[in-house]
Amino acid sequence: MSPLPQHVLLIEDDAADHQLVGRCLRKGSRSTQLHWEQSLAGGLSHLDANKFDVVLTDLSLPDSHGLTTVERIRACDHDVPIIVLTTLDDPDVAIRALQLGAQDYLPKEMIDPSLLERSIMYAIERRSMQRAVEVSTTALYEAMEQLKQTQIVVEEANRLKSEFLANMSHEIRTPITAILGFAGILQDQIDETDSIEIVEIIQRNGEHLLSLINGILDLSKIEAGQCHSECLRFSPLDIILDVGRMMKVRSAAKGLSLSLDFVTEMPETIESDPTQLRQILINLVENAIKFTSAGCVRIESSLVRNAKNAFLQLDVIDAGIGMTPEQTAQIFKPFKQADSSTSRQYGGTGLGLTICKKLAEGLGGDVTVSSELGVGSTFRATIAIGAIDHVSIVEPQPADKMPSENRVAATISPEVASLDCRLLLAEDGLDNQRLISYILQKAGADVTIVDNGQLACDQILQQIQNGTPFDVVLMDMQMPVLDGYAAARQLRQAGLDVPVIALTANAMMGDREKCLDAGCDDYLSKPINRAALLNLVSCYSGEESIVCSGQAD
């Protein structure tokens, strides 16, 4: 046992008890100095002026009685260990003394050198542990406060990043709308081979720029926790075959063959997010085509089960440039490609594989890669597919008969489409005013243009008073004076039920819901797809849907 402390304060009015304590301490350690005070006031004065290792105190003193003695000592010195010496043999008093800050409680008739020594050392050790706990608690509280402040800073940074990306999306998508839109219109009006090729180059590069923007936005949504997966029942075969048909056009353009192989039987339906599964597969196949200059790209699909779960496994196998082990270790990191020369030769942001992996993880699976430099790569995506005990397992049709699908740009002509309705277009961008009004007027619509939300509200009310209400309102969401959100709310608060279609270059998660919450009936993101625009206007104006070639976004 450690030696007794050197400085002990005894607050005791009985001289016999003073002598008893003194004898006990002398037997324990000759170096211990005992300071005796017969009143609480004297003890507190001594305690205030000196540093003691421990205080021994009676509860019955000339100027204090009971547990108040412990409270006053503890108030005078917050750290000194206190041992109560008393003739009272009352467990309740002992418990209360400990609650008030004493470290031990000794009946006087039980005091002997060994007991007193153990009690003093116990009191000192207990107080030391209490101090350590208090220090740790304080440090933990400070750390939690610092973490809370850091979290606030991070959340604010994420908010600013999301706001910045939303603004950048709007600013970039707005001119892309005009570029792709007028390129499509120009394509309908020219027949010279060289001119058609030039327009196709404009469209191809505009779409590439748009895909880069979408990749950055997708990653931002995932990292911000705003990309939520749906759990729907759907056919995986439909997704795989549809992606295969779509990507066969791109592979053929590079002189590559694309094959679909079903390694096992497949469930007729699964539970997952069909949109995210489609995005994973498209990204992986695009990546394979991008890095393969000759040969074949193969998609192998299989059903994999373990003791608890079932998974859909998709292997995308290419005969491309391949990678070293060092490169495969970096390939799923954001903005990373195999090396800088890869970025220069093949382009891209290095986000596609990162997005695939994060989406697959969100669907209960993963994306992994095996690769050999100069030979090719295999990217394996797995996703959890829910319970399939009561789902039919089918033998897929031979995939080598997959037809090639030559998709053409959505084109609409007056002979194919006709709109007989009055529209209000609220749009502040001059180029987009001209583009959208051209598309609508070409289809036969009567279009009135305003450049802010306040003028839109004024025009709508004026036309209602004149008895010639608009059939549909197309409302840009970001405009001066009064934006589209406020304008839509104002219309709804006035009790007007005119159909309002939001046109916005914002494409972040939640933008559609934000438009609908403001009172809009539907939503179109820029760049505007002509077929989607005309079909939506046709729907809300009460006319039959327009038939056009291609697919609307």
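Lys514 is positioned over the face of Tyr485, 4.5 Å from the ring centre. A charge is taken to sit over a ring when NZ of Lys or CZ of Arg is within 6 Å of the ring centre and within 35 degrees of the ring normal. The charged end of Lys357 likewise sits over the ring of Phe332, at 4.8 Å from its centre. The model is predicted, so that local features need pLDDT of at least 70 and side-chain atom pairs count only at pLDDT 80 or more, whereas totals for chains, interfaces and linings use all residues. Residues are numbered from 1 along each chain as its sequence is written, and side-chain values use heavy atoms, with hydrogens and water left out.

A search of the whole structure identified one aromatic pair. Phe332 and Phe379 form this pair in an edge-to-face arrangement, with 6.3 Å centre to centre and 85° between the planes. Rings of Phe, Tyr and Trp (its six-membered ring) pair if their centres lie within 6.5 Å, and planes under 30 degrees apart count as stacked, over 60 as edge-to-face and the rest as tilted. Because Phe332 lies in the loop between helix H9 (325–328) and helix H10 (340–346) and Phe379 in strand S15 (residues 376–384), the pair ties together parts that are 47 residues apart in sequence. Helices (H or I, at least four residues) and strands (E, at least two) are DSSP runs, numbered from the N terminus. Both Phe332 and Phe379 are buried; buried means under 20% relative accessible area, exposed over 50%, and partly exposed in between (1.4 Å probe, protein chains only).

Asp17, in helix H1 (residues 15–28), has a relative accessible area of 17% and is therefore buried. Leaving aside residues up to four places away in sequence, Asp17 touches Glu12 and Lys108, contact being defined as heavy atoms within 4.5 Å. Ile95 belongs to helix H4 (residues 91–99) and is partly exposed, with a relative accessible area of 48%. Between Ile95 and Tyr105, ten residues apart in sequence, the C-alpha to C-alpha distance is 8.6 Å. Ile198, located in helix H6 (residues 193–223), is partly exposed, at 49% relative accessible area.

For the protein as a whole, 16 helices and 21 strands were assigned. Of its 553 residues, 45% count as buried. Among contacts between residues at least 6 apart in sequence, 71% join residues at least 24 apart.
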